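Here is a note for a colleague who is meeting this structure for the first time. Please read it with the model open.

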Amino acid sequence: MRLEILQGDITTRDVDAIVNAANSSLMGGGGVDGAIHRAAGPELLAACREVRKEYPGGLPVGRAVATPGFNLPSRWVIHTVGPNRHAGQTDPGLLASCFRESLAVAESLGARSVAFPAISAGIYGWDAREVATVAFDVVRNFGADGSPALELVEFVLFSPEMTTVFRDVSGA
Ligand code: AR6
């Protein structure tokens with residue numbers, strides 16, 4: 001499994017699945033969530049409404065679900081709910097679960113390539129370095145445990161600063 005770190009807009013990535021840093025409502029929001037909904041078109045919200053029927057109380061923190069990507073270059077969007085530090089959700093295990101569950105969903109879809117944003121490192125207030133550390137830990141373990149289908153995992157970071165942190169933490 002190849003691991004790449006890129007700077008840019010995740011909504012432009014031509015990979016099998018992109019991961020959305022959503023919230024429990026799955027009804028859209030700001031940040032990368034807003035960008036993904038705008039780029040995918042209104043069908044994405046309708047698909048999220050369908051998924052929500054299975055989670056009347058909202059998608060729990062650390063879980064992940066998939067929808068089609070509609071107008072996006074990517075075939076699927078995997079929506080995960082990161083921990084919100086401002087709400088006292090400080091357990092790195094919850095963040096690790098987001099990455100792990102998203103990879104498991106990607107694998108179950110048969111995705112060969114998946115792109116991640118810096119989950120919880122924006123509005124949800126986590127330190128970029130901590131997010132990167134958790135992300136690499138989970139993705140490398142997932143690769144080491146043997147996931148033949150998944151060939152490429154990208155981290156697509158919006159700002160140069162975030163890209164530098166991810167490169168630094170990855171040792172690249
Ligand atoms: N491509 C890649 N990364 C992006 C993009 C983009 N187009 N846009 C923003 N980012 P955030 P969170 C970066 O706040 O912290 C939403 O309202 C951004 O610079 O999007 O998990 C949801 O609905 C930051 O580095 O997600 C939730 O309510 C990273 O993506 C809440 O925000 C994550 O920032 C989730 O907060």
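1. S3 and strand S4 (residues 76-81) run antiparallel and are joined by five bridges. Within this region, Ala64 stands opposite Thr80 of S4. Bear in mind throughout that this is a predicted model.

2. Now the helix on that pair. Helix H2 (residues 43-52) packs on the sheet and touches S3 and S4. The direction of H2 makes about 135° with that of S3.

3. Step back to the whole sheet. It is open, has six strands and shows mixed pairing. The order is S1-S6-S5-S2-S4-S3. Which strands stand at the edges? They are strand S1 (2-7) and strand S3 (64-68). Each has a single partner strand, so one side of each is left without a neighbour in the sheet. From one strand to the next, the twist averages 25°.

4. Look next at S6 and its partners. S1 and S6 run parallel, with six bridges between them. Leu6 has Val156 in S6 as its bridge partner. Strand S5 (residues 113-116) also runs parallel to S6, and four bridges join the two. Here Ala115 is paired with Glu154 of S6.

5. Is S6 mostly covered or mostly open? It is mostly covered: six of its six residues are buried. In a regular strand, side chains alternate between the two faces of the sheet. Both faces of S6 are covered. Leu152, Glu154 and Val156 are buried on one side. Val153, Phe155 and Leu157 are buried on the other. Note that Glu154, the bridge partner of Ala115, is among these buried residues.

6. Turn to H1. This helix lies across S2 and S4. It runs at about 130° to S2.

7. Why does Asn20 count as buried? Its relative accessibility is 0%, and the cut-off for buried is under 20%. Leaving aside neighbours within four places in sequence, Asn20 is in contact with Val32, Asp33, Ile36 and His37, among others. The list also includes Val77, Ile78, His79 and Thr80. Thr80 is the residue that stands opposite Ala64.

8. Compare Leu109, found in helix H3 (residues 92-109). Leu109 is partly exposed, because its relative accessible area is 28% and that class lies between the 20% and 50% limits. Apart from neighbours within four places in sequence, Leu109 is in contact with Ala66, Trp76 and Ile78. Leu109 and Asp16 are 93 residues apart in sequence. In space, their C-alpha atoms are 9.3 Å apart.

9. Finish with the largest pocket. Rolling a probe the size of a water molecule over the atoms shows where empty space is left. The largest pocket has a volume of about 560 Å³. How many residues line it? There are 27, of which Ala21, Gly31, Val32, Ala118 and Gly122 lie nearest the centre. Val32 is also one of the contacts of Asn20.

10. Where does the lining come from? Strand S2 (17-22), helix H1 (31-40) and strand S6 (152-157) each supply at least two residues. H1 gives the most, with five residues. By kind, the lining of the largest pocket divides into 15 nonpolar, nine polar and three charged residues.

Notes:
Residues are numbered from 1 along each chain as its sequence is written. This is a predicted model: local features need pLDDT of at least 70, side-chain atom pairs count only at pLDDT 80 or more; totals for chains, interfaces and linings use all residues. Side-chain values use heavy atoms; hydrogens and water are left out. On a 1 Å grid over the protein atoms alone, a cavity is a set of points where a 1.4 Å probe fits but cannot get out, and a pocket is an open set with protein on both sides within 12 Å along at least five of seven lines; lining residues have an atom within 4 Å of a point. Grid points are joined across faces, edges and corners, and a volume is the space filled by probe spheres set on the points. Ala, Val, Leu, Ile, Met, Phe, Trp, Tyr, Cys and Pro count as nonpolar, Asp, Glu, Lys and Arg as charged, and the others, Gly among them, as polar. Two strands pair if DSSP finds at least two bridges between them. Axes are lines fitted to C-alpha atoms, for helices over the stretch in contact, and angles run from 0 to 180 degrees between N-to-C directions. Contact means heavy atoms within 4.5 Å. Buried means under 20% relative accessible area, exposed over 50%, partly exposed in between (1.4 Å probe, protein chains only).
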